[in-house]
Amino acid sequence: MRINKYIAQSGMASRRKADELIINGNVKINGAVMKEPGYDVQEGDQVTVNGRLVGAAQRLEYVLINKPIGMVTTASDDLNRPTVMDVVKDIDARLFPVGRLDYNTTGALLMTNDGEMAFRLTHPKHEIYKTYRAVVSGILSNERAAKLRKGVDIGGFITSEAKVKIIKGNRSSTVVEISIKEGKNRQVRKMFAAVGNPVQELERVAIGEIRLGHLKPGYYRKLTREEILYLKNC
Ligand code: URA
């Protein structure tokens, strides 16, 4: 098995992070630094990351959290703000977030120690719709909704097809459900800004078929077996 996959499967890091650790010389095979991400781990090899033995695979955990507003999607924060790790602190495994949500975005975020799955789901080629409920300023006309569906320029990048459903609205704001496959930085906010309806509130309500439902902000639930299988197959 390739060394990056081997490290990811142990639950120690995502595959991307494992590549970084290898290139930076943090990984040793049988006591010698190994900087070749293509190295194939042989039976009997002793692999260490920063001196820690990469052992047998940990129990894999898959949870969905509802990220509250004012929480960062990282393992630690220089500014000491709350992080998504705080939500899962009673789980006895080192989980990491699959992708990101902005500080001011709430809603569905997957967390796992399955580095392989995290790698696949966050790869730019991976196509899974993520659905957001946005409250935007002003009236979102049908014409603007059509533009969002077709693709808009968000600063040198034209977004691909989106699903857009206007839920309700008045003169001051509109509630919209939007589903996109890409995950550029602040993409939904930039898309609505591009058509002249800046986002006031943003919540991710689903990742593919995995729905947030009634999960309260700051809480988590374990994925069902069906949900895990769904993610493995999509
Ligand atoms: N798009 C955004 O603008 N923000 C998020 O947090 C997620 C998607």
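Helices are DSSP runs of at least four residues, numbered from the N terminus. In this predicted model, helix H5 (residues 187–194) supplies 3 residues, the largest share of the shell around the ligand.

**The shell around the ligand**
- The residues around the ligand are Leu101, Asp102, Thr105, Tyr132, Arg186, Gln187, Val188, Arg189 and Leu202.
- Sorted by class, this shell contains 4 nonpolar, 2 polar and 3 charged residues.

- Asp102 places a polar side-chain atom 2.7 Å from a nitrogen atom of the ligand.
- Thr105 also contributes through its side chain, with a polar atom 2.9 Å from an oxygen atom of the ligand.
- Val188 takes part through its backbone: an N or O atom there lies 3.2 Å from a nitrogen atom of the ligand.
- On its own, the ligand has 240 Å² of accessible area, and the protein covers 95% of it.

**Charges and aromatic rings**
- Arg81 lies over the face of Tyr103, at 5.0 Å from the ring centre.
- Lys184 is positioned over the face of Phe157, at 4.6 Å from the ring centre.
- Ring centres must lie within 6.5 Å to count as a pair, and the count of aromatic pairs by this rule is 0.

Definitions and conventions: Residues numbered from 1 in each chain as written. Predicted model: local features only at pLDDT ≥ 70, side-chain atom pairs only at ≥ 80, totals over all residues. Heavy atoms only, no water. Phe/Tyr/Trp six-rings, centres within 6.5 Å; stacked < 30°, edge-to-face > 60°. Lys NZ or Arg CZ within 6 Å of the ring centre and 35° of its normal. Near = heavy atom within 4 Å. Polar contact = N/O pair within 3.5 Å; in protein donor to acceptor, adjacent residues only side chain to side chain. Areas by Shrake-Rupley, 256 points an atom, 1.4 Å probe, with all protein chains shown as cover. Helix = DSSP H or I, 4+ residues; strand = E, 2+ residues; numbered from the N terminus. Nonpolar A, V, L, I, M, F, W, Y, C, P; charged D, E, K, R; others polar.
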